[in-house]
Amino acid sequence: MPEFLSFINEILWGSVMIYLLLGAGVWFTWRTGYIQFRYLRQFGKSLKSSLTPQSGGLTSFQALCTSLAARVGSGNLAGVAIALTAGGPGAVFWMWVSAIIGMASSFAECSLAQLYKERDAEGQFRGGPAWYMSRGLGMRWMGVMFSVFLLLAYGLIFNTVQANSVANAMHYAFHLPELMTGLVLVVCILVTVMRGLRGVAKLMQWLVPVMALLWVAASVFISLWHFTEIPKVFETIIRSAFGWQEAAAGAVGYTISQAITSGFQRGMFSNEAGMGSTPNAAAAAASWPPHPAAQGIVQMIGVLVDTLVICTATAMVVLLAGKTSPQGSLDGIQLVQNAVASFAGSWGAGFVAGIVLLFSFSSIVANYIYAENNLIYLKLNSPLNVWLLRGVTLMMVMLGTLLSLPVVWQLADIIMALMAITNLTAIMLLSPVVKIIASDYLRQRKMGVKPVFDPARYPDIEQQLAPGSWDDVPRQ
């Protein structure tokens, strides 16, 4: 089975996904007028505006933290370590590239999710790729297919990845039985998801910044402690990325292909740009200013924070410790624990275990929210089905503590590729709409006025929108 999964991964990630991700990112960078570069200095203002509460949805900051909760999981720790062991230090560079280019894809998918959102029975905004596939493309069958992929990914596969990392980290640091870790996770997750979308969003707006700052602060402290070695680390990353230097692992060297593939795989698993997951959170926001592009810009911050800040923090710790090659039976998360322990002593492994517990817990909860959102799209959100989804999610969390890591990661890579192919196809077909959204936003910014989206200016788009989704927005 692992050999078969590895074969499928080689086909999907050896060529198809790399070219598709690069192509989509470059295309939307051009179509949006290089928006991730033009508005880099405006991210602070966008983040400040995201705190403004609006009726009918989450604040943009709550939506950002919910999407970050899903992004910032074990992929930011174990995933980075796996990328380094599989592709060498050069994989870090290609993770950065995937993030910078992916920011444009994230803007496109999140802006579309905002545009085609609709209200549920309780007045809460709902939306995501399945919605813009149905409304924007008129292809409900594609929306159904995407929703099934997402339910498999976020209700099943990805949660086993997160639970696996937590169980291994806790066992390695504290010798806790995997079953005990699984039971504690299950109880905490069940209590949290029962609070619903709004309850989860309120929790994440506090939990996500705290846990991210803890890990980044630890990395900064270690980096400053070994300040003189930082230039050498960055030189190794760049040289390895372009094959100018073999990152030695005994007699084994890393090729450019290995670095690119590992970097893009783990980078995408971490920041999820273009995969179609983040739009489920983006659509739930009542964006301020009231324009679809505003939420797209806020969500680009999530890609920046996730990969260029948090993943880089992990990479610096591992590279400074010299833990870039597999060490016996150690898996990804244990390599990170070993790296921190080499600097801080035995308590370092426990600190990493605590961080990965917070990261994975928040990620599993957000994953469930995404899955339930698509259950609503499929009109299968009866109380019985919701509880069935919760039961299956919790069961997969338990099983994840017992599954072997290679199989889990391989399954995650395959389902991630299928989701991404479906979503990227949709947003590429909707790229004319993305260009309209970006141009309309940039036009109003140049005029010095607060951007407001007026559907009446675009009759072809207006007739695709859900009734009442933009009625509260003041007309220009």
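**A helical chain and its packing**

Of the 476 residues in this chain, 62% are buried. The model is predicted, and the chain in it holds 20 helices and two strands.

The UniProt record, an unreviewed entry, places the feature "transmembrane region" at residues 12–30, 137–157, 169–194, 206–227, 297–321, 341–366, 387–408 and 414–438. Two of these stretches can be set against the model. Over residues 341–366 the corresponding values are 92% helix and 0% strand, with 30 Å between the end C-alpha atoms.

Next come two helix pairs. Two packed helices are described by the angle between their axes and by the distance between those axes. Helix α8 covers residues 140–174 and helix α9 covers residues 178–193; their axes come within 9 Å and cross at roughly 130 degrees. That angle makes α8 oblique to α9, because an angle has to be over 145 degrees to count as roughly antiparallel. The crossing of α8 with α9 is right-handed. On the α8 side the contact is made by A163, V166, A167, M170 and H171, and on the α9 side by E178, T181 and L185. By class, five of these residues are nonpolar, two are polar and one is charged.

The second pair is α10 (residues 196–225) with α16 (residues 347–377). Their axes are 10 Å apart, and the helices pack at an angle of about 150 degrees. α10 and α16 are therefore roughly antiparallel to each other, and their crossing is left-handed. From α10 the contact draws on G196, L197, V200, L203, M204, L207, M211, A212, L214, W215 and A218. From α16 it draws on F351, V352, I355, L358, F359, F361, S362, V365 and I369. The residues of this contact divide into 18 nonpolar and two polar, with no charged residue.

Helix α16 also carries S363. Is S363 buried or exposed? With a relative accessibility of 1%, S363 counts as buried, because the cut-off for buried is under 20%. Apart from residues up to four places away in sequence, S363 touches A69, A70, V72, G73 and Q162.

W131 sits in helix α7, which spans residues 129–135, and its relative accessible area of 4% makes it buried. Which residues does W131 touch, not counting those up to four places away in sequence? They are Y116, E118, R126, G136, N373 and Y377. One of these, Y116, is 15 residues from W131 along the chain, and the C-alpha atoms of the two are separated by 6.5 Å.

I437 lies in helix α19, residues 431–446. I437 is buried as well, with a relative accessible area of 1%. Leaving aside neighbours within four places in sequence, I437 is in contact with S111, L112, L115, H291, P292 and A293. A294 is 143 residues from I437 in sequence, yet their C-alpha atoms are 9.8 Å apart in space.

Y34 has a phi near 60 degrees, a positive value in a residue other than glycine. Where does Y34 lie? Its place is in the loop between α1 (2–31) and α2 (35–38). At 43% relative accessibility, Y34 counts as partly exposed. K379 also has a positive phi, near 60 degrees, and is likewise a residue other than glycine. K379 is found in the loop between α16 and α17 (383–400). Its relative accessibility of 66% puts K379 in the exposed class, because exposed means over 50%.

Notes. Residues are numbered from 1 along each chain as its sequence is written. This is a predicted model: local features need pLDDT of at least 70, side-chain atom pairs count only at pLDDT 80 or more; totals for chains, interfaces and linings use all residues. Side-chain values use heavy atoms; hydrogens and water are left out. Axes are lines fitted to C-alpha atoms, for helices over the stretch in contact, and angles run from 0 to 180 degrees between N-to-C directions. Helices (H or I, at least four residues) and strands (E, at least two) are DSSP runs, numbered from the N terminus. Angles under 35 degrees count as roughly parallel, over 145 as roughly antiparallel, 65 to 115 as roughly perpendicular and the rest as oblique. A crossing is left-handed if the near helix is turned anticlockwise from the far one by less than a right angle, and right-handed if clockwise. Contact means heavy atoms within 4.5 Å. Ala, Val, Leu, Ile, Met, Phe, Trp, Tyr, Cys and Pro count as nonpolar, Asp, Glu, Lys and Arg as charged, and the others, Gly among them, as polar. UniProt positions are given in the numbering used here, feature names are shortened, and annotations may be inferred rather than shown by experiment. Buried means under 20% relative accessible area, exposed over 50%, partly exposed in between (1.4 Å probe, protein chains only).
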